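Notebook open, viewer loaded. I want to go through the model and jot down what I look up.

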Amino acid sequence: MKLHRHLHLRPLLEAVALTRDSEFDCAACSRHVAELADSLKSPSTPLSRELDLTRHHLAICQQCHDDFQMLQRAVAGIRE
Ligand SMILES: [Zn+2]
């Protein structure tokens, strides 16, 4: 299986402001990451505060970012 890193997330990362009043930790992020992946499939839907914080955490946490990319690949794989 070929892994294509650095796909998909660049526009997302650039859209995220890197400073916020409150931040998710990894545990909180992992509770919402599947929902976030789902929400990003319909970009017209505004993100809830939780999902916005999850997205922010992904921008600053390499581990969760990698997990999220794997999740997105899994989601994309289901569609193919
Ligand atoms: Zn994390």
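What share of the contacts with a separation of 6 or more comes from residues 24 or more positions apart? I get 69% for the protein, where a contact means two C-beta atoms, placed from the backbone, within 7 Å.

Ground rules next. This is a predicted model, so I take local features only at pLDDT of at least 70 and side-chain atom pairs only at pLDDT 80 or more, while totals for chains, interfaces and linings use all residues. Residues are numbered from 1 along each chain as its sequence is written.

**Confidence.** pLDDT is the predictor's confidence in each residue, from 0 to 100. I find an average of 79 for the protein, with 70% of the residues scoring at least 70. Where pLDDT is low, the predicted coordinates should not be read in detail.

**Elements.** I count 4 helices and 0 strands, in the order α-α-α-α along the sequence. These are DSSP runs numbered from the N terminus (helices H or I, at least four residues; strands E, at least two).

**Helix 3.** I checked its length: the 12 residues should span 16 Å, and the end C-alpha atoms are 17 Å apart, which agrees. The expected span is 1.5 Å times one less than the number of residues. L53, T54, R55, H57 and L58 are buried here. Buried means 20 or more other C-beta atoms within 10 Å of the residue's own, exposed means 12 or fewer, and partly exposed is in between, with C-beta atoms placed from the backbone. D52 is also in helix 3, but D52 is partly exposed because 18 other C-beta atoms lie within 10 Å. Over the whole protein, buried residues are 12% of the 80.

**Core.** The largest nonpolar core has 7 residues: F24, C29, V33, L36, L53, L58 and F68. Leaving out residues up to four places away in sequence, F24 touches C29, L53, T54 and H57.

**Packing.** Helix 2 and helix 3 pack at about 100°, axes 9 Å apart. They are therefore roughly perpendicular, a label for angles of 65 to 115 degrees. On the helix 2 side I note C29, H32 and V33 among the contact residues, and on the helix 3 side E50, L51 and T54 among them.

Notes. A nonpolar core is a set of buried Ala, Val, Leu, Ile, Met, Phe, Trp, Tyr and Cys residues joined through C-beta atoms within 7 Å. Axes are lines fitted to C-alpha atoms, for helices over the stretch in contact, and angles run from 0 to 180 degrees between N-to-C directions. Angles under 35 degrees count as roughly parallel, over 145 as roughly antiparallel, 65 to 115 as roughly perpendicular and the rest as oblique.
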